[in-house]
Amino acid sequence: MNFQLSHRAKAIKSSPTLTVSTLAKKMKSEGIDVINFGVGEPDFNTPDYIKEAGKKAIDDNFTRYTDSSGIIELRKAIAAKLKKDNNLDYNPEEILVSPGAKASLINILLAVCDLRDEVIIPSPYWVSYTSQVNMVDALPILLETGPANNFKIKARHLEEVILNLSNPKALIINSPNNPTGSVYTRKELQKIAEVCLKYNILIISDEIYEKLIYDGLEHVSIASISKEVKESTIVINGVSKAFAMTGWRLGYAAGLRQIIKSAGRIQSHTTSCVNSMTQKAALVAITENDGSIEKMRKEFEKRRNFLVSEFNKIDNIKCNIPEGAFYAMPNISYYLHHNTRKIKNSIDFCEYLLKENHIAIVPGSAFGADNYVRFSYANSMENIKEGLKRFETGLKSLSK
Ligand SMILES: Cc1ncc(COP(=O)(O)O)c(C=O)c1O
């Protein structure tokens with residue numbers, strides 16, 4: 001059969017992280033003790049009170065299709081959460097519950113993007129943004145950021161980029177950020193929002209790491225800047241990261257009824273709904289609190305403080321302090337230029353550390369930042385300490 005894949009399928013490149021993670025899995029299966037810093041999920045278990053709600057839903061035979069946009073109690077609870085935490089007023093018709101924030105994002109992109117619409121993505125970026133924008137036949141436009149502004153975009157730069165585009169449609173902003181950990185202040189968001197309003201750009205605000213924020217900083221949803229900004233924003237959030245519920249699959253989008261309704265119609269023809277017991281578990285996660293969320297956050301903060309201060313003691317390694325999420329992104333460019341192993345890029349670098357020192361980290365090229373690598377500190381303190389030793393040993397022998 002002369003079979004041709006779609007242009008869409010061909011445009012999706014396999015993730016550069018795959019080489020390293022496949023190799024790490026193979027080494028683990030061979031009994032090699034690999035410390036994995038690649039994971040993008042909390043290492044904690046889902047808190048018991050949430051698990052109980054999921055089990056109860058099964059016992060109560062709450063196991064059938066639900067309203068495609070999510071059960072009404074959950075959408076009401078999300079509306080109450082958005083009011084309480086973010087000072088945002090939505091009604092349940094303005095909320096769509098999807099199988100993960102990832103699904104929320106693609107539903108929204110499918111609802112708003114036409115062929116060759118331009119979607120602005122600050123770089124370094126979470127890898128699925130560019131892939132999803134490609135999948136909906138729109139064009140990802142990368143907006144470079146750097147350590148000097150803690151990897152945050154500036155309104156002035158955003159405006160310059162917009163002025164050079166033909167069909168600017170949306171900006172995806174992610175605070176706290178994966179992979180950089182940066183957190184935008186209200187003032188910074190205000191300026192960015194002003195530019196978006198001026199040029200009629202839809203803001204897609206991914207706030208999935210909202211609860212993982214450090215140094216007493218406040219998470220600000222860009223939608224809360226003003227009524228007009230709220231009407232130009234779709235807020236994306238979910239339960240994966242805050243409640244250690246990555247495998248349950250539940251995220252949500254909140255925004256203009258017209259967009260949410262269209263995204264909901266798309267979802268009704270694809271995944272139908274989020275599995276029913278997960279919706280019951282998420283309802284409890286969002287409405288109750290046994291203190292475990294804050295305990296996890298504090299533990300992440302402790303690990304971040306240790307990891308980043310240790311990185312900055314290592315010769316020729318520089319690491320900005322991430323203010324949220326659970327990733328640290330040290331700059332490794334010195335070692336790309338000074339090594340005895342013909343290492344030229346972050347993929348070679350990560351492969352070397354995996355093979356020689358048995359630590360798995362993610363090459364920065366996966367996020368559009370080849371001078372960096374990403375460590376996830378969703379890992380025990382013991383592993384972080386041992387991993388750091390291995391990292392330093394690896395660097396020493398690299399430059400010998
Ligand atoms: C920035 C960002 N947004 C969204 C997601 C997806 O979250 P979910 O598990 O809800 O699909 C992730 C997961 O890694 C993420 O890092």
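These legends accompany several close-up views of a predicted model.

The model is predicted, so local features are taken only at pLDDT of at least 70 and side-chain atom pairs only at pLDDT 80 or more, while totals for chains, interfaces and linings use all residues. Residues are numbered from 1 along each chain as its sequence is written, and side-chain values use heavy atoms, with hydrogens and water left out.

**View 1. Two domains side by side.** Let us begin with the overall division. Domain 1 is made of residues 7–45 + 292–398, and domain 2 covers 50–287; these bounds come from an automatic or database domain assignment. Their C-alpha centres lie 26 Å apart. Where they meet, 30 residues of domain 1 are in contact with 34 residues of domain 2 (contact means heavy atoms within 4.5 Å). The two domains bury about 2,800 Å² between them, 56% of it on carbon and sulfur atoms. Buried area here is the accessible area (1.4 Å probe) that two parts lose on being put together, summed over both.

View 2. The rule finds 2 salt bridges between domain 1 and domain 2, a salt bridge being a side-chain nitrogen of Lys or Arg within 4 Å of a carboxyl oxygen of Asp or Glu. Look for the salt bridge that joins the side chains of R304 and D215, at 2.7 Å from N to O. On the side of domain 1 that touches domain 2, α1 (7–11) and α12 (292–311) each supply at least two residues. The largest share of that side, 6 residues, comes from α12. Helices (H or I, at least four residues) and strands (E, at least two) are DSSP runs, numbered from the N terminus.

**View 3. Around the ligand.** Here 13 residues surround the ligand, and the closest are A101, D206, S240, K241 and R249; a residue counts if one of its heavy atoms lies within 4 Å of the ligand. A polar backbone atom of A101 is 2.7 Å from a ligand oxygen atom. The side chain of K241 places an N or O atom 2.7 Å from an oxygen atom of the ligand. For N178, a polar side-chain atom lies 2.8 Å from a ligand oxygen.

View 4. Most residues other than glycine have a negative phi, and most peptide bonds are trans. The bond from N178 to P179 is cis, with omega near 20 degrees, and P179 sits in the loop between β5 (168–174) and α8 (186–198). The bond from S123 to P124 is cis too, with omega near 5 degrees; P124 belongs to the loop between β3 (118–123) and α6 (127–135). N200 is not a glycine, yet has a positive phi of about 60 degrees, and is found in the loop between α8 and β6 (202–206).

**View 5. A salt bridge along a helix.** The side chains of K51 and D48 meet in a salt bridge at 3.5 Å, N to O. These residues are separated by about one helical turn because they are 3 residues apart in helix α3 (residues 48–59).

Conventions. A polar contact is a pair of N or O atoms within 3.5 Å; within protein, one must be able to donate a hydrogen and the other to accept it, and residues adjacent in sequence count only if both atoms are side-chain atoms.
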